[in-house]
Every structure is written in structure tokens, then in C-alpha cells.
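Subject: A structure for you to look at

Hi there,

Here is the structure I promised to pass on to you. Have a look at it first, and then read on for what turned up.

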Amino acid sequence: MDWQGQKVAEQLMQIMLVVFAVAAFITGYVLGSFQLMLYVYAGGVLLTTLITIPNWPFFNRHPLKWLDPREAEKHPKPQVVASSVSKKKSNKK
């Protein structure tokens, strides 16, 4: 799953869970059944899980282009230079 696919999956999951929570609350309130409300919400969570967790092809629309290893050897990684700035301790009296 690419980066944009992860973003889409996250947004889709949040929207679906909120929609199913509202639908479950309304169903439970109208019919006066707490048990039915939980079943509706559990079904929504299950459906959301089946849609957002697997790596479906529509989550891979923007694949990353990795650098070829031979090309990476031509451009070595820059070395980090340690700074020699010393910190002075302040004496509070």
C-alpha cells in the first residue's frame, strides 16, 4: 500500500465508523433495542475492517519509484559532521 493509499484507507475507515455509529444509534433508538444497536455497529466495524485492512489494488494507485542500486552507489550518502559547539554551564547563586 502506498502513502496516498494509506491516507485514503484511514479517511475511509473514519468516515465509515462514524456513519455506522450514527446508523446504529438511530436504529437502536427507534426500535428501542440496545442489542440491535450493538449488532448494527458490530456489522459496520466488520465491513469497515474488510474494506480498509486488505491491500486492495485501489490503495496502490501511486507506487513509489525507488532509486536503482547502481544509481545509489554513484551518489554516496552525505556524512553528518558533529558540531563542536560547547555548552557553558551557568552558575546560579
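Which residues form a nonpolar patch on the surface? They are Val18, Val22, Phe25, Ile26, Tyr29, Val30 and Leu31, and together they have about 780 Å² of accessible area. Please keep in mind as you read that this is a predicted model.

The structure holds one aromatic pair. Its partners are Phe25 and Tyr29, with 6.0 Å from centre to centre and 20° between the planes. The pair counts as stacked because its planes are under 30 degrees apart. Both residues belong to helix 1, which covers residues 3-31, and they sit four residues apart, or about one turn of the helix.

Now for the overall picture. The protein has three helices and zero strands, so that reading from the N terminus gives the order α-α-α. It is made of 93 residues, 12% of which count as buried. The accessible surface comes to about 8,600 Å², and carbon and sulfur atoms account for 65% of that. As for how the chain meets itself, take the contacts with a separation of 6 or more: 67% of them are between residues 24 or more positions apart.

Helix 2 spans residues 34-52, and Val45 is one of its residues. Gly44 has its place in helix 2 too. How do they compare in exposure? Gly44 counts as buried, because its relative accessibility is 0% and the limit for buried is under 20%. Val45 is partly exposed, at 31% relative accessible area.

Each of these two can also be paired with a residue from an earlier part of the chain. Between Gly44 and Ala21 there are 8.0 Å from C-alpha to C-alpha, although they are 23 residues apart in sequence. For Val45 and Met16, 29 residues apart along the chain, the C-alpha atoms are separated by 8.3 Å.

Finally, something from the records. In an unreviewed entry, UniProt lists residues 12-32 and 38-59 under "transmembrane region". In the model, residues 12-32 are 95% helix and 0% strand, with 29 Å between the C-alpha atoms at the ends. Residues 38-59 are 68% helix and 0% strand, and there the end C-alpha atoms are 30 Å apart.

Best wishes, and enjoy exploring!

Conventions
Residues numbered from 1 in each chain as written. Predicted model: local features only at pLDDT ≥ 70, side-chain atom pairs only at ≥ 80, totals over all residues. Heavy atoms only, no water. Phe/Tyr/Trp six-rings, centres within 6.5 Å; stacked < 30°, edge-to-face > 60°. Helix = DSSP H or I, 4+ residues; strand = E, 2+ residues; numbered from the N terminus. Patch = residues over 30% accessible without salt bridge, like charges linked within 9 Å, V, L, I, M, F, W, Y side chains within 5 Å. Areas by Shrake-Rupley, 256 points an atom, 1.4 Å probe, with all protein chains shown as cover. Salt bridge = Lys/Arg side-chain N within 4 Å of Asp/Glu carboxyl O. Buried < 20%, exposed > 50% of the residue type's maximum accessible area, 1.4 Å probe, protein only. Contact = heavy atoms within 4.5 Å. UniProt positions renumbered as here; feature names shortened; annotations may be inferred.
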